[in-house]
Amino acid sequence: MPKPITLLIGALGGDGSGVLCDWIVSAAQSRGLGVQATQIPGVAQRTGATTYYVEVMPAGGAPSSVLALNPAMGEVDVALATELLEAGRMIFNGFVTPDRTTLIASTHRVLAIGERMAMGDGSFDVGRLLRAVKERSREQILFDMDQAAEESGGVLNAVLLGALAGSGRLPIPDGAFEAAIRHAGKSVDTNLAAFAFGRGHARGELEQAVREHRKRQTAVQGAENLIERSRESYPVASLDVVEEGIRRLMAYQDRRYAALYLDRLDTIHALGSADLLRDVARHLAVRMSFEDVIRVAQAKTSADRLARVRAEVRAMDHEPLEITEHFKPGIEEIAAILPPALARRLIAWGQRTGRLGKTYVSMHMRTTTILGFARLRLVAGLRWWRPRTSRYVEEQAEIERWLWQIRAAAPLGLDLAREIAESARLIKGYGDTHRRGLDNYRRVADEVIAPALAGRMTPRAAADAVANARVAALADPEGESLAKTLAAIAAATLRMRQAAE
């Protein structure tokens, strides 16, 4: 007795996988095959799986065959995933097995809520995911289907359907899938193009579409001589990071600010370590381009943003598009763009009245209207004012303190200096996220880095202590894990001093 072919689709909300499921069912029915599908919508915001389960009875199967409503572990013939982590979820749940399952998945990533909330780089290790995919499935069809959809002008679910057809795992000809797309009657031409694109990838008829990294143009006015200066001064191994830092800071502020970046790097280069220079160059560029309301306005009114949004939502040139921005600045964000004296008075008032951290101004702004765009553009144009703001003054003081610590640590040990450089990862974002990260960083600087530079622990122990404190702070932004780690470091340092005495 022929057994049904089982398919499990793991998806994100909004990927159109319900339509994909309907296409498969329609194509199977057009061939006279028995088919049954179960759709299980998940919780929003990636906190629960969205799955679609399909069973197709091959030709010759009993007409009255009983088909299952749910997948069983180890009994899935084809697993389809609209994003790489969804493939990992199906592997973890035991549905993908090396003796049976063909895994068809897009290799692009959409960060889960837990990844986005991490203070540092919380993204899941893509290398581990790919190893699991290759070790735990019988066959794999993997490529960036999001990029393929963009290049073909279609949508991801049509590319995934094409890849399924190209796999040959279903007794359904290409024409039946194409007929199902036509029968649905929505974006037929673009969906057929995306279907053909995915099928071609699965069959090896096309080279894998690779999303190229798009660097900012180097021909920014005044940047050429700074880039040439870096090429004459720094090791080749660090130039990619340094040049990207120059471009970033030119776009963020101006040529003078980018030149300050190189001046600061010169003091690190003098320490003689190419690895340390590369580490500092990367973190320094990020720290110097700290996020404030001016930076947010710059990003939301950049020349390529509207085109990027139109491409992401697949809007045609003649179709209207509306973008509504949501802002909720608090007292600290407002104070950040004021001169230091006024900022201190506003913060003191907020503390005195109990409004600090509790009072916010909620705003909705449509940047696709002339007035809304002009208002944000006005804020973005305040770059000239940024050096006069309290946030700028505070950030520059913190950066200089950080660079001084690195220079002071280098004679003691390069490992310690590099760990201090990496501690910059604790500072990110703006608002509450920035405040928590800065508080944690200052605790590490005061309770670990300062004693280390004062010689109260060996350089090796100091490097390990800084690393442990950084990991604890990144793992727990509220600071409880960091407090325990700092207490353990202090106790170990005290025992070490007592033993030495």
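What follows is a look at the overall build of the chain and at its aromatic pairs. The model is a predicted one, and its chain carries 22 helices and eight strands. Of the 501 residues, 45% are buried.

Turning to the rings, six aromatic pairs turn up across the whole structure. In one of them, tyrosine 257 and tyrosine 392 have ring centres 5.9 Å apart and planes at 40 degrees, so the pair counts as tilted. Tyrosine 257 sits in helix α11 (residues 255-269) and tyrosine 392 in helix α18, so the pair ties together parts 135 residues apart in sequence. Both tyrosines are buried. They also belong to a cluster, linked by ring pairs, of Tyr252, Tyr257, Phe290 and Tyr392. Arginine 386 lies over the face of one cluster member, tyrosine 252, at 3.8 Å from the ring centre.

Glutamine 396, also in helix α18 (residues 390-409), is buried at 10% relative accessible area, since the cut-off is under 20%. Leaving aside residues up to four places away in sequence, glutamine 396 touches Tyr257, Leu260, Arg264 and Phe290.

Elsewhere, tryptophan 384 and tryptophan 385 make an edge-to-face pair, because their planes are at 70 degrees, with ring centres 5.8 Å apart. Tryptophan 384 is exposed at 53% relative accessibility, while tryptophan 385 is partly exposed at 23%.

Key. Residues numbered from 1 in each chain as written. Predicted model: local features only at pLDDT ≥ 70, side-chain atom pairs only at ≥ 80, totals over all residues. Heavy atoms only, no water. Helix = DSSP H or I, 4+ residues; strand = E, 2+ residues; numbered from the N terminus. Buried < 20%, exposed > 50% of the residue type's maximum accessible area, 1.4 Å probe, protein only. Contact = heavy atoms within 4.5 Å. Phe/Tyr/Trp six-rings, centres within 6.5 Å; stacked < 30°, edge-to-face > 60°. Lys NZ or Arg CZ within 6 Å of the ring centre and 35° of its normal.
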